[in-house]
Amino acid sequence: MKTKLYILITILICIIVIVMGIGIGSVYVTPEATINIIMNKLFSTPLLEEVQESAVSIVWNLRIPRTLLAFIVGGALAVSGTVMQSVLKNPLASSYTLGVSSGASVGAGIVIITGISLPFFKMFTLPLFGLIFGLMTVFLAVSFTAKLDKNMSNNTIILVGMVFSLFINAILTLMSALGREHIQQLIFWQMGSFSSREWSSVAILFPIVIIGLIVLIRYSRELDLLTFGEDQAYTVGVEINKIKWILLGLSAALTGSAISFVGVIGFIDLIAPHVVRRFFGSSHRIVIPMSVLLGGAFMVLCDLIARTIISPSELPVGAVTALVGAPFFAYVYFSKRKVR
Amino acid sequence: MLELKNVNTGYDGKDVIQDISFTLNDGQNLCIIGPNGCGKTTLIKAIAGLLPIEGQIIIDNKDMRKMKRREIAGKIAVMSQLSNIFFSYTVYETVLLGRYLHMKGAFKGPSSYDKNCVDKCLKAVGLLKHKDRQINTLSGGQLQRVYLARTLAQEPSIILLDEPTNHLDLRYQAELIDYLKEWSSKDGNSIVGVLHDINLALKLADNFLVLDKGYIKSYGSASKAVTNDLINSVYGMDVVGFMIDSLRKWERIANF
């Protein structure tokens, strides 16, 4: 009963935050006007008299794709962090543990410095390179772990992931030093931003996240068992190595896809799973979808702060996630612990 | 039936147990005893399939190496030792995980049979009224019983136990052994356990395997395998004398 109430509250929070994300900005659009514009675009219902054409364009072409993209990216990062923490049985693990962000940054760096644009992908060349390099890093890290340690123990995975991250970061530093004129662009990409994102980004990322989410929910029992340790999961019948490959790969793919569109945004993948577990328990059948919702809502809120607090300029959303998230996380995590 | 043929295994390429062979028929219980470091836990891990082995482990006439993980888990369950809990679950959720093999459909919830089975196992270990409690709020003994319930929920024919009475008080130790004895008396079930307390081992087991420095020192029924001289030489002390001395002290206290 309590869980159902919390789910309802979470859904309400998501709706409120999304409407706020769409409505608030340099031009304020009321919630009624926002809903009216959405209904008009989706079901051709008549527009209210007071709704101006410019407001329709702002809401439909700028704010909605940006807000939805923030929600999807936040959800993808949060669920990815949840999976990493459970598979690696480490509350401090995140979706970046295996070097996906470092790899994606190198991929983005190559495109930014060389200025290449693939014929078919054009503006999506950077996300494509980011995704490929991010996934490649994780693939190499996990393959190397499998070679070193047949049992693929968590400590080996984390250590190899860290070594790979440091190595790839060194390559990125070298690239930055060699292409100094692009250094500012590269740094901004690494800080993450949702500005100027269009419907096309949403259309690509949305199905990826939905498919990833469905597959992860399918493996929720295995994730539950893995949190008790590999030996326990193995003796209950889980094919540990196969499942680990699938879950780590999927988690890396979700993070890689998300950050390749918007740049590296940290912290959400670490805090969202912990906040969700505090309120909903640890069962992954609930934790996975709730991580998506809370991670998504938190990202929309952070993006709203990032683009309005020093308007008309924007702050990097990655800085806001940490500035807002750290105290909030400390409050939720430690206040609940005190009660116990 | 469980059969081990010339099994060697260990860690990092170094054998801890060597040339282990025995046969355990359906319905029989086996206790592995021996001093610390003799390889008891390693043997349990090898039977559970957690360590690569040389030699053969045969379960119901099938070589374990040719069996899929799920097939093995359908026959052998391991009662886990206590470990750190990183993410807490309710008692009910924890025991339900033992139904992993039997639950149909990855997106479906537990069937009414699964739910009844979990309730039955929780009742058997005396924790039904605690089913909604978080496991990180339980005592070591209660958690031990939760893990036993999860092992029973797996519905195996062989249960492997590694020092299962470690965190239990005397009453629960006796209750646990009684319950396991009763469980193994049905449907040809068997238990292979490591027990430090020889009194409890005598209560539970039909057969004993005495390990010393990784080798089998003796194997067979209590009267055959656990002789006074052998036990004393394996543990390096007068085991029976120690126990009798303790009992005499108790007798004096009781008659005071």
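Start by selecting α5 of chain B: Gln142(B), Leu143(B), Gln144(B), Arg145(B), Val146(B), Tyr147(B), Leu148(B), Ala149(B), Arg150(B), Thr151(B), Leu152(B) and Ala153(B) are buried there. Buried is used when 20 or more other C-beta atoms lie within 10 Å of a residue's own, exposed when 12 or fewer do, and partly exposed in between, with C-beta atoms placed from the backbone. Helices (H or I, at least four residues) and strands (E, at least two) are DSSP runs, numbered from the N terminus.

The model is predicted: local features need pLDDT of at least 70, side-chain atom pairs count only at pLDDT 80 or more, and totals for chains, interfaces and linings use all residues. Residues are numbered from 1 along each chain as its sequence is written, while chains are lettered from A and ligands numbered from 1 in the order in which they are written.

**Around α5(B)**

Keep α5(B) selected. 12 of its 14 residues are buried, so the helix is largely enclosed by the rest of the structure. Now show what covers those buried residues; the cover includes β6 (76-79), α3 (91-96), α4 (112-124), β7 (158-162) and α6 of chain B. How far apart are the end C-alpha atoms of α5(B)? They are 20 Å apart, which agrees with the 20 Å that helix 140-153 should span at 1.5 Å a residue; the expected span is 1.5 Å times one less than the number of residues. Just after the helix, select Glu155(B), which takes a positive phi of about 50°.

**A loop in chain B**

Next select Lys186(B), in the loop between α6 (170-184) and β8 (190-194) of chain B. Is Lys186(B) buried or exposed? Lys186(B) is exposed, with 8 other C-beta atoms within 10 Å.

Zoom out to chain B, which has 10 helices and 10 strands. Its radius of gyration is 19 Å, close to the 18 Å that the globule rule gives for 256 residues, so chain B is as compact as a globular protein of that length. The radius is taken over C-alpha atoms, and the rule is 2.2 Å times the number of residues to the power 0.38. Of the 256 residues of chain B, 39% count as buried.

Colour chain B by domain: domain 1 is 2-225 and domain 2 is 226-256, with bounds from an automatic or database domain assignment. Their centres, taken over C-alpha atoms, are 28 Å apart. Nine residues of domain 1 of chain B are in contact with four residues of domain 2 of chain B; contact requires C-beta atoms, placed from the backbone, to lie within 7 Å. On the domain 1 side, β9(B) has the largest share, three residues.

**The core and chain A**

Select Val73(A), Val95(B), Ala149(B) and Leu160(B), which touch the most other members of the largest nonpolar core, a set of 166 residues. Such a core consists of buried Ala, Val, Leu, Ile, Met, Phe, Trp, Tyr and Cys residues joined through C-beta atoms within 7 Å. Helix α3 (residues 53-87) of chain A gives the largest share of this core, 16 residues. Not counting residues up to four places away in sequence, Val73(A) touches Ala258(A), Val262(A), Ile265(A) and Met299(A).

Finish where the chains meet: 21 residues of chain A are in contact with 22 residues of chain B. On the chain A side, α10(A) gives the most, with five residues.

Terms used
Two residues are in contact if their C-beta atoms, placed from the backbone, lie within 7 Å.
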